[in-house]
Amino acid sequence: MLVVDTLHFSIDGKKILDGISACFEPRKIHGIIGPNGSGKSTLLKNICRLWEPQSGAIVLNGKNLAKMPRKELSTLVTLVPQNTTIGFPVSVFDIVAMGRNPHLGRFEGVGPRDREIIERALWQTNIHALKDRNINELSGGEGQLAIIARAIATEAPLILLDEPTSELDVKHTLEIVKLLCELKDQGKTILVTIHDLNLARKLCDTITILCAGKLFFSGAPEDAFSEENISQVFQVRVREYKHDGTTFLDFRS
Ligand SMILES: Nc1ncnc2c1ncn2[C@@H]1O[C@H](COP(=O)(O)OP(=O)(O)OP(=O)(O)O)[C@@H](O)[C@H]1O
């Protein structure tokens, strides 16, 4: 269980997260939604301690993450950032291999077990054929899969993804949706920020809505996308309709 308890985070005195509290059950896909600038990425960066909160606690399975050595933390939580750019030429294999760093000693290289895990992550993300290619020469979708493979290679039980499908075509989006469902079935807990509300409605087991740095809603997708919630948070109207057993959201201004 991941518990976020009264989290406050500011940058240069500007409040970005204002007393966020929420619980995220294990082995589920938790969607984080909200308007631009509402604090979704900041929440993920606080959970993996890329940024340190000013107050509040983040507790994973009873352990306060703030008190944990960084190396241990990296074996438990991994972030797939938004639009990763790698500023130097490096192969896809070596990028995925970086996922093993938290498990290695100071000057230790990857061993046979690490290689096995890296290979498995490459197969699972369907990019094994690209393993010797330069990461900077891949398409956006392929590159995103490589960064997800790196996250898988950490073997962390908690995976945070910041808008993993925002720049992807429909085929790559579906590939990532399938992958996230597979990871959940393998026991991972997933927190994912998503702008596509139809995708969030379909994919996620729970929805957390942020609005201007505050928690607006956290609960079941069936309750999250009510007319009242959506009009208050996004200032648009929404209508839910069902087709072939799937619920769709139709937005109007
Ligand atoms: N490095 C930074 N320095 C100063 N302010 C920042 C920084 N990063 C984010 N912010 C501010 O924090 C607020 C929340 O940003 P955040 O990126 O968390 O929002 P978001 O909900 O993920 O937005 P989006 O949907 O547009 O990605 C915004 O007002 C943003 O301008």
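User: What makes the largest nonpolar core a core, and which residues have the most contacts inside it?

Analyst: In this predicted model, the largest nonpolar core has 67 residues. The term applies because its members are buried residues of the nonpolar kinds, joined through C-beta atoms within 7 Å. Those with the most contacts inside it are Val96, Ile118, Ala146, Ala149, Ile159 and Leu160. Helix H5 (residues 140-153) gives the most to this core, namely eight residues.

User: Which residues does leucine 160 touch, and what makes them contacts?

Analyst: Leaving out residues up to four places away in sequence, leucine 160 touches Leu44, Ile47, Cys48, Val77, Thr78, Leu79, Val80 and Leu191. They are called contacts because the C-beta atoms of the two residues lie within 7 Å.

User: Why are the residues of strand S6 called buried, and which way do they point?

Analyst: Val77 and Leu79 point one way from S6 (residues 77-80), Thr78 and Val80 point the other way, and all are buried. The word applies because a buried residue has 20 or more other C-beta atoms within 10 Å of its own. In a regular strand, side chains alternate between the two faces of the sheet.

Notes: Residues numbered from 1 in each chain as written. Predicted model: local features only at pLDDT ≥ 70, side-chain atom pairs only at ≥ 80, totals over all residues. Buried ≥ 20, exposed ≤ 12 C-beta atoms within 10 Å, placed from the backbone. Helix = DSSP H or I, 4+ residues; strand = E, 2+ residues; numbered from the N terminus.
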